Amino acid sequence: QLHAQFIKDYAYGNKPFQVNFLYYFTVYILTFFSSKSSALLVMSVYVLTGATFAKYYIVKTIFLKNISNITVKTATLSSFFLLFCFSLPILYFFVDYFYLLNFPPNVWHNSTTIFVMPFVLLLFWVSKKQLDSHKIQNLYYICVLIILNAFIKPSFLFVYLIVYPILLLKTYTFFKKVFWINLIPIFIACLLILGEYYLIYFGKDSNNESSVIIDFFYFYKNWSNGFNVVLALLIALLSSLLFPLVTIIKNKEMLKSKMIQFSILALVLSVIISVSLRETGARENDGNFLWQSFMCVFLLFFSCLFQLITLINKPENKWKNYIPELSVFGLHFISGIVYLINIFITNNYF
């Protein structure tokens, strides 16, 4: 509803289009430039439903094309369950929040995060393929996906700009030409982020009081209701990442996989950003340095599920050997269903 109101404000000239304009513009253009709340809200539902289905379909397609012996039924169900996975509600008993302070792999209340996730997922997957085997065609795809991410919600790029070059360096080494060629999309991403940073904080329509500062645990201190912030963070990480933790600890060979390495590094950096940076001024409580962590948790869940199904489908393995991992994954899915029911009952997503 808030983002629909943004579009109305843009339509009436009360405020300029945001720098990351693509979600708002998509809804606006599909309503044939309507400024009616009813039309904007209905079209928002269609656009976000399409984005959510796209996330599911991309995961399912990746599973079907890249995991040997997987059945359509397995790919369909696992992709569907992944769509609803959520943090286990352990913190709920301490701070009375189901969502806040956690790092869930899926969120249902932020339009731009929902809309950007298919493009985050594709950027992650194409980049992983580029690490496996350099192809010029993939460079074009990566550049396009970086531009789309930047113009919808650039949160994932904060992490990608650092983690992907590290993995490129590890894969190709500093002195090979292919390493430098693959940095071209990174330079494009840097220019886009710097341009957006300038427009948001220094442009003619910016709020000069807003800036980015280092402030450790600011969000946790604000919302922990007096509960110890370090303990709250540890509980949040455990309750949000139980499936990846159990899966990787029990199957340590997964750490050799580039997609697991990619998603773990991205997650670690995303959490560091979440607990150390914040905005000041009018944007202080928007939580704009949290979104990349949710995106990266989803990528880690996706990567672990991909690797787990790959192991289960090997002829020499039996699915019963992986009951602990599957059970924990099921708990995350059930938690997601309970969370959605809780939203409908309480009309509150916190």
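Me: In which helix is the place of serine 79?
Reply: This is a predicted model, where local features need pLDDT of at least 70, side-chain atom pairs count only at pLDDT 80 or more, and totals for chains, interfaces and linings use all residues. Residues are numbered from 1 along each chain as its sequence is written, and side-chain values use heavy atoms, with hydrogens and water left out. Helices are DSSP runs (H or I, at least four residues), numbered from the N terminus. Serine 79 sits in residues 72-84, helix H4.

Me: Is serine 79 buried or exposed?
Reply: Buried means under 20% relative accessible area, exposed over 50%, partly exposed in between (1.4 Å probe, protein chains only). Serine 79 has a relative accessible area of 1%, so serine 79 is buried.

Me: Which residues does serine 79 touch, not counting residues up to four places away in sequence?
Reply: Contact means heavy atoms within 4.5 Å. By that test, the partners of serine 79, not counting residues up to four places away in sequence, are Tyr56, Val59, Lys60 and Phe63.

Me: At what angle do the axes of helix H1 and helix H3 cross?
Reply: Two packed helices are described by the angle between their axes and the distance between the axes. Axes are lines fitted to C-alpha atoms, for helices over the stretch in contact, and angles run from 0 to 180 degrees between N-to-C directions. The axes of H1 (residues 2-11) and H3 (residues 37-66) come within 10 Å, and they cross at roughly 130°.

Me: Which residues of H1 and H3 make the contact?
Reply: H1 supplies Ala4, Ile7 and Lys8. From H3 come Ser37, Leu40 and Leu41.

Me: Where does asparagine 69 lie?
Reply: Phi of asparagine 69 is near 65°, a positive value in a residue other than glycine. At 58% relative accessibility, asparagine 69 counts as exposed. Its place is the loop between H3 and H4.

Me: Is threonine 173 buried or partly exposed?
Reply: Threonine 173 lies in the loop between helix H8 (155-172) and helix H9 (177-181). Its relative accessible area is 37%, so threonine 173 is partly exposed.

Me: Which helices are included in what covers the buried residues of H13?
Reply: In helix H13 (residues 242-250), the buried residues are Phe243, Pro244, Thr247 and Ile248. Seen down the axis of H13, they fall within an arc of 110°, so they line one face of the helix. That arc is taken from the directions from the helix axis to the C-beta atoms. The cover includes helix H14 (258-276), helix H15 (291-312) and helix H16 (323-346).

Terms used: Helix = DSSP H or I, 4+ residues; strand = E, 2+ residues; numbered from the N terminus.
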